[in-house]
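Student: Could we go through this model together? I would like to begin with the charged side chains.

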Amino acid sequence: MSGGIFRTEDGGAHWTRLNPMMTSYYYDRIVADPRYDNRVWMPVFELMRSDDGGRTWSTPKEISGSNPLCTFQNRGPTGECDEDSFPITEVAPNGDIVVHFATGNIQSGWETPGEYEQTLLAVKSTNGGTTFG
């Protein structure tokens, strides 16, 4: 099988590709929302949500945080930690969403110009992923 998102309804005996357009990424973590049977969250480089068990997905949402140490920017204001990668999403029993990610926005005086520190950050949403802070 090539990449993509697959679903089984018989304990793994048979698998169905859910969205034939989503074949180019390596999806290593899809998180179920404990409050809604068919809602799942998937972080790739951004966060996507499905309300139908993975058959369709929302427009990817950028996850970022703010910290005065985030001084390097490809785009956006200084202090925005948006050069992120390797997101890990957790959904709490109350529906709060926490996304942990590495950010490469930290410039340090001791580094070679153009090389940046990676720092782990976490942001939380208390409104179903509409906003993170």
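**Charged pairs and overall fold**

Tutor: In this predicted model, the side chains of Asp-51 and Arg-49 meet in a salt bridge, with N to O at 2.9 Å. The term denotes a side-chain nitrogen of Lys or Arg within 4 Å of a carboxyl oxygen of Asp or Glu.

Student: Which residues do salt bridges with shared partners join into one network?

Tutor: That network consists of Arg-7, Glu-9 and Arg-55. Glu-9 pairs with Arg-7, the closest N and O atoms lying 3.1 Å apart, and with Arg-55, where the corresponding separation is 3.4 Å.

Student: Where do Glu-9 and Arg-55 lie in the chain?

Tutor: Glu-9 lies in the loop between strand E1 (6-7) and strand E2 (16-17), and Arg-55 in the loop between strand E5 (47-50) and strand E6 (65-66), so the pair ties together parts that are 46 residues apart in sequence. Strands here are DSSP runs of E with at least two residues, and helices are runs of H or I with at least four, numbered from the N terminus.

Student: How many salt bridges does the whole structure hold?

Tutor: The search finds six.

Student: Turning to rings, what lies over the face of Tyr-36?

Tutor: Arg-39 does, at 4.3 Å from the ring centre. The criterion is NZ of Lys or CZ of Arg within 6 Å of the ring centre and within 35 degrees of the ring normal.

Student: And the fold: how many helices and strands are there?

Tutor: The chain has zero helices and ten strands. Of its 133 residues, 39% count as buried.

Student: Which conventions apply throughout?

Tutor: Residues are numbered from 1 along each chain as its sequence is written, and side-chain values use heavy atoms, leaving out hydrogens and water. As the model is predicted, local features need pLDDT of at least 70 and side-chain atom pairs count only at pLDDT 80 or more, whereas totals for chains, interfaces and linings use all residues.

Conventions. Buried means under 20% relative accessible area, exposed over 50%, partly exposed in between (1.4 Å probe, protein chains only).
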